[in-house]
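Hi,

Here is the structure I promised to pass on.

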Amino acid sequence: MNQVKIIKRKKYFAAGILCILVFVLALFASSMFPGKTSSAKQEFIVGFDAEFPPYGYMDENGEYTGFDLDLAAEVCKRRDWTLVKRPVIWDSKDSELETGAISCIWNGFTMNGRESQYTWSTPYVDNSQVVITRKDSGIMKLSDLSGKVLAVQADSSALAALEGYDATDENKALAASLKDLQQVENYNSAFMNLESGMVDAIAMDIGVAAYQLSAKDDTFLMLDEKLSSEEYGIGFKLGNTELRDEVQLTLLEMLEDGTFDNIVKKWGLEDSACLSKEDTTYIDGSQVPVPGSSKKNNESASNADSSTVQASGGAKVKKLGITEIIKQLSSGITATISVFVLTLLFAMPLGLVIAAVRMSRFKILEWIAKIYISIMRGTPLMLQLLVVFFAPYYVFRISMPYSYRFYATIIGFSLNYAAYFAEIYRSGIQGIPQGQREAAQIMGYSKGQTFFRIIFPQMVKRVLPPVTNEIITLVKDTSLAFVLSYTEMFTLAKQIAAGQTSLFPLFVAGVFYYVFNFIVAFVMEGIEKRLDYYR
Amino acid sequence: MSVLELENIKKSFGSKVVLQDITLKVDEGEVVSIIGPSGSGKSTLLRCATFLEHIDNGAITYTGQKVVAKSAQGAVYPSKKEIQRACANFGLVFQNFNLFPHFSVLKNIADAPIVIQKRNKVEVYKEVRELLQKVGIGDKENSYPCELSGGQQQRVAIARALALHPKMLYFDEPTSALDPEITAEILRVMKELAAEKMTMVIVTHEIDFAKAVSDRVVFMDGGMVVEEGTPEEVISNPKNERTKTFLTKLSV
């Protein structure tokens, strides 16, 4: 009776594992072949920071939108290109451009100070760096900032205006008079810092400031004095003048037939838009092509009427309810779960191999495993992800397709977690009494049979608690995939938070992680109970 | 015919000599008890004979087939496969049982005959149930080791060794982890085996048992065989001073 019951239970267990496996494979397949849009059209891949409203951000429908993306969409329509909107993390934008993962950086991209690093379009937005403070702070002019804490986004124009090599003497003096110049990751956190009084002011682009203020006009104040004035351009890979000219020409056509102005009005940027056909030379000195020399001109002019652009008088923050936030997060949840499941699928067996090598009788192998584990545990996972992602290009000069981002994430996570699992397995294996192996040896079990029939099953029981810890950590670590601009749930939450100018989406994400981990802990406890039949 | 022949076994751990020069022959159907104080090398001798330890020099022969040969450079071991084959000659019952905790009693005993010896499953199960009856725990086949008492576990260990049809059995202090009244039960099982002419080498502290069941008693001390003979000779009328001292200490 008992025997039958156990066999039955085992069958259920096997069926459960099979189900999970099928689910994982389905996930994997769906992520490998996204929708099969096999159009032969040229792809125009716009790289942008999805937390930079109103130029590029996630709107209340979960779509990437913004002034720059609207412009890009119109250009692509006229050129008959396929527009790909690709959010990138700002720190790695140059590598993304270099490897060809994006065609251009088009995202409120300041030309000043970067003149010789990219092949630029002519300027299309006149942007100023402004200072935002709390209304009740008493800071009314720039000189009031002396002794205060000022926040800027890392690697931003505001930072360059204050401390860059071409910063004005006044700004340098201002920066020197500050108590601290704090660099923050994104504007949303800058505003949270400001609201909570951790910083006294934020220096930022006027367009972004206006968007933020549209949501929090009663709390914050924009100083009339400006730090600096600068221009936005579209940045192409240095030397890619051909693509630059095509885009420039199309923009000038849009300017001519009024489409450009419509888009400007839609986003309320009338004060700063500055695209002009008077600019006849690029910043690098070469000639701007003249509209009309293009044979596509007539065709595109007629397109202008059918343009869907409507003037609406500026971007406003539209607040989302919790269900809408959850709905938008759901696509990220799939990504998070794929990273989680695939990492476990690869890291757990790989850990066993590494543990075996680590316990090898051959000193060289043992040392290789030791060094591997030491590096994987001793360096930040975030850095390892970047190495896995960029190594093919920077080391071997191989340009990887966009989908490699996903694989790099899985590879990086698996390699890292395998090291931890290896050590857990090793402790589990070494904790099994030597007598078990000796008994097996005398009874004639081979080394392999001893491992798989005697040692491994006992190890599994022993390592369950530490493995559960590791798995729970992995659930939360998946958010690190953002460094490869792989849009998993937390990245998405940050983007929504930026568009919403609120922390709330991050809390929703937190609840998701909690629920996810609750389920993981529940399942692991179930497995532990299942193995409770022996001690 | 001798089942086991140990010739000039030498073994050291580092600079400590554990076995000096041991020669021991065990004939079919013979029951040999090895007694001696702790650290005398009796357990090490057993581990060497069962290939759990490598000897430094000497020869080990099972049923007339030389497995380990002696040479001027030290002991010559054959391939792992050969060792594995030689292991089929004997079974070993450990002091602390070493049952597989994740296997039921039935599987503990039946796994090796089915997986290693590739014997018919139905026949093996039938035989295992007979063995369990024989060692007195016929109702425990579905229990797990953790659910059994020490005495019951040791019976399973004995049944597990027997199920592989060895030519001889080694017992390494089989009762020293057990309570006295349970010890008696295990010794009864072993006596039955002796009566069935099972060849056995028993390392034990149970002098009375050794006296009752053995054909021959070996007294070891300091890595050497000090005295060897029938139980009457060694236990009842020891000639050597060290044997006498040891036996007196035990009887107090």
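H11(A) and H12(A) are oblique to each other, a word used for angles that are not under 35 degrees (roughly parallel), over 145 (roughly antiparallel) or 65 to 115 (roughly perpendicular). Their axes come within 7 Å and cross at roughly 130°. Axes here are lines fitted to C-alpha atoms, for helices over the stretch in contact, with angles running from 0 to 180 degrees between N-to-C directions.

Before I go on, some housekeeping. This is a predicted model, where local features need pLDDT of at least 70 and side-chain atom pairs count only at pLDDT 80 or more, while totals for chains, interfaces and linings use all residues. Residues are numbered from 1 along each chain as its sequence is written, and chains are lettered from A and ligands numbered from 1 in the order in which they are written.

Back to the two helices. On the H11(A) side, Ile354(A), Val357(A) and Arg358(A) touch a set in H12(A) that includes Leu365(A), Glu366(A) and Lys370(A). Contact means that the C-beta atoms of two residues, placed from the backbone, lie within 7 Å. By class this contact has seven nonpolar, no polar and three charged residues. For the classes, Ala, Val, Leu, Ile, Met, Phe, Trp, Tyr, Cys and Pro count as nonpolar, Asp, Glu, Lys and Arg as charged, and the others, Gly among them, as polar.

H12(A) covers residues 363–378, and Ile371(A) sits in it. Is Ile371(A) buried or exposed? It counts as exposed, because it has 10 C-beta neighbours inside 10 Å. The cut-offs are 20 or more other C-beta atoms within 10 Å for buried, 12 or fewer for exposed, and partly exposed in between, with C-beta atoms placed from the backbone. Ile371(A) and Arg358(A) are 13 residues apart along the chain, and their C-alpha atoms are separated by 9.7 Å.

H11(A) also meets helix H14(A). H11 runs over residues 322–358 and H14 over residues 404–430, and their axes come within 6 Å, crossing at roughly 45°. That angle is why H11(A) and H14(A) are called oblique too. Among the residues making the contact are Phe346(A), Leu350(A) and Ile354(A) of H11(A), and Phe413(A), Tyr417(A) and Phe421(A) of H14(A). The contact divides into 18 nonpolar, four polar and two charged residues.

One more residue of H11 in chain A is Val341(A). It counts as partly exposed, because 17 C-beta neighbours lie inside 10 Å. Val341(A) and Ser189(A) are 152 residues apart in sequence and 31 Å apart in space, C-alpha to C-alpha.

**Another helix pair**

Further along chain A, H15 (residues 434–442) and H16 (residues 447–477) have axes that come within 10 Å and cross at roughly 135°. The crossing of H15(A) and H16(A) is right-handed. Gln436(A), Arg437(A), Ala440(A) and Gln441(A) of H15(A) make the contact with Thr450(A), Ile454(A) and Ile455(A) of H16(A). It splits into three nonpolar, three polar and one charged residues.

**Chain A overall, and chain B**

Chain A has 18 helices and 13 strands. Of its 535 residues, 40% are buried. Residues 24 or more positions apart account for 79% of the chain A contacts with a separation of 6 or more.

Where the two chains meet, chain B gives 20 residues and chain A gives 19. On the chain B side, the elements giving two or more residues are H2 (80–87) and H3 (105–115). H3(B) gives the largest share, three residues. That side has 13 nonpolar, six polar and one charged residues.

**How confident is the predictor?**

The complex gets an ipTM of 0.94 and a pTM of 0.77. Mean pLDDT (the predictor's confidence in each residue, from 0 to 100) is 94 for chain B, with 100% of its residues at 70 or more. For chain A the mean is 85, and 88% of residues reach 70 or more. Confidence in chain A is lowest in H10(A) (residues 297–303), at a mean of 41, and highest in H12(A), at 97. pLDDT stays under 50 over residues 31–38 of chain A, and likewise over residues 294–312 of chain A.

Cheers

Methods: Helices (H or I, at least four residues) and strands (E, at least two) are DSSP runs, numbered from the N terminus. A crossing is left-handed if the near helix is turned anticlockwise from the far one by less than a right angle, and right-handed if clockwise.
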